[in-house]
Amino acid sequence: MQAAHPVLVLRHGESTANVEGRIVSVPGPRALETVGLTGRGREQARAAATDAAAQGLGPGTVVVTSDFARARQTAEEFAAGLGAGAPRVDERLRERCFGAHDEGPATAYEGIWARDRARRAHDDGVEPVAEVASRVLAALRAADALGADAPVVLVAHGDVLQIALALAAGRDPHDHREVPHLGNAELRALGPHRTAAAGAPC
């Protein structure tokens, strides 16, 4: 059942990896602790909270985040800006694993996304779209349950949230890059089709 209150997604603010043009996606000390927000990223997260408050979100908002440092720090800044409670962690919101490309240049994304669009298998350890979609759908079901009582904001990463937005728009998750790109610390409401998607196989 779709939540009575809005469920929104928020991409993390500018991170040190963004500035370096580097992929950091494998759970470990780098992703979980070291690679966090830049000063600009923290400002972006606070600005997102100001925008959210103007849209009617307030202290009762439930903030749920990936446990990666850049998302967690964004969630903390955002929740504090709203006067909301401490963010809850959901590991299903972690960044998509980019396998052999981890710690490499961000220029690898274009080739990965091209394979996604072509429905071609990845042979380099990249987490398949269907696997990301499966965990994202589980996180969306949990968010809708929370949304019965309060607005919910899910804080996560580029590919994970592009796939969530594609599902919520009623699109094949392999076409996630056809959904308008979510910028750093951009807040966006999920579309109405996520309930149907949550009941469908990936």
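Predicted model: local features only at pLDDT ≥ 70, side-chain atom pairs only at ≥ 80, totals over all residues.
E2 has pairing partners in E4 and E3. Strand E4, residues 152-156, runs parallel to E2 and is joined to it by four bridges. Within E4, valine 155 is the bridge partner of threonine 65. Strand E3, residues 88-89, also pairs with E2 in the parallel sense, over two bridges. Here threonine 65 stands opposite valine 89. Between E2 and E3 the chain passes through helix H4, residues 69-82, and this β-α-β crossover is right-handed.

Helix H6 comprises 18 residues, 129-146. From its first C-alpha to its last it reaches 25 Å, close to the 26 Å expected at 1.5 Å a residue. An α-helix has 3.6 residues a turn, so residues three or four places apart point the same way. The buried residues of H6 include Val129, Val132, Val136, Leu140 and Ala143.

The salt bridges come next; the model contains 15 of them. Which residues form salt bridges with arginine 96? One is aspartate 116, whose side chain meets that of arginine 96 at 2.8 Å, N to O. This pair links distant parts of the chain, with arginine 96 in the loop between E3 and helix H5 (109-117) and aspartate 116 in H5, 20 residues apart. Another is aspartate 159, with the closest N and O atoms 2.9 Å apart. Because arginine 96 lies in the loop between E3 and H5 and aspartate 159 in helix H7 (residues 158-168), the pair ties together parts that are 63 residues apart in sequence.

Are these three residues buried or exposed? Since buried means under 20% relative accessible area, arginine 96 qualifies at 0%. Aspartate 116 is likewise buried, at 1% relative accessibility, and so is aspartate 159, at 3%.

A further salt bridge joins glutamate 186 to arginine 188, the closest N and O atoms being 2.9 Å apart. Glutamate 186 has 29% relative accessibility and counts as partly exposed. Finally, Arg42, Arg46 and Glu77 are linked in a network of salt bridges.

Terms used. Residues numbered from 1 in each chain as written. Heavy atoms only, no water. Pairing = 2+ DSSP bridges. Right-handed = clockwise from strand over helix to strand, strands pointing away. Expected span 1.5 Å × (residues − 1). Buried < 20%, exposed > 50% of the residue type's maximum accessible area, 1.4 Å probe, protein only. Salt bridge = Lys/Arg side-chain N within 4 Å of Asp/Glu carboxyl O.
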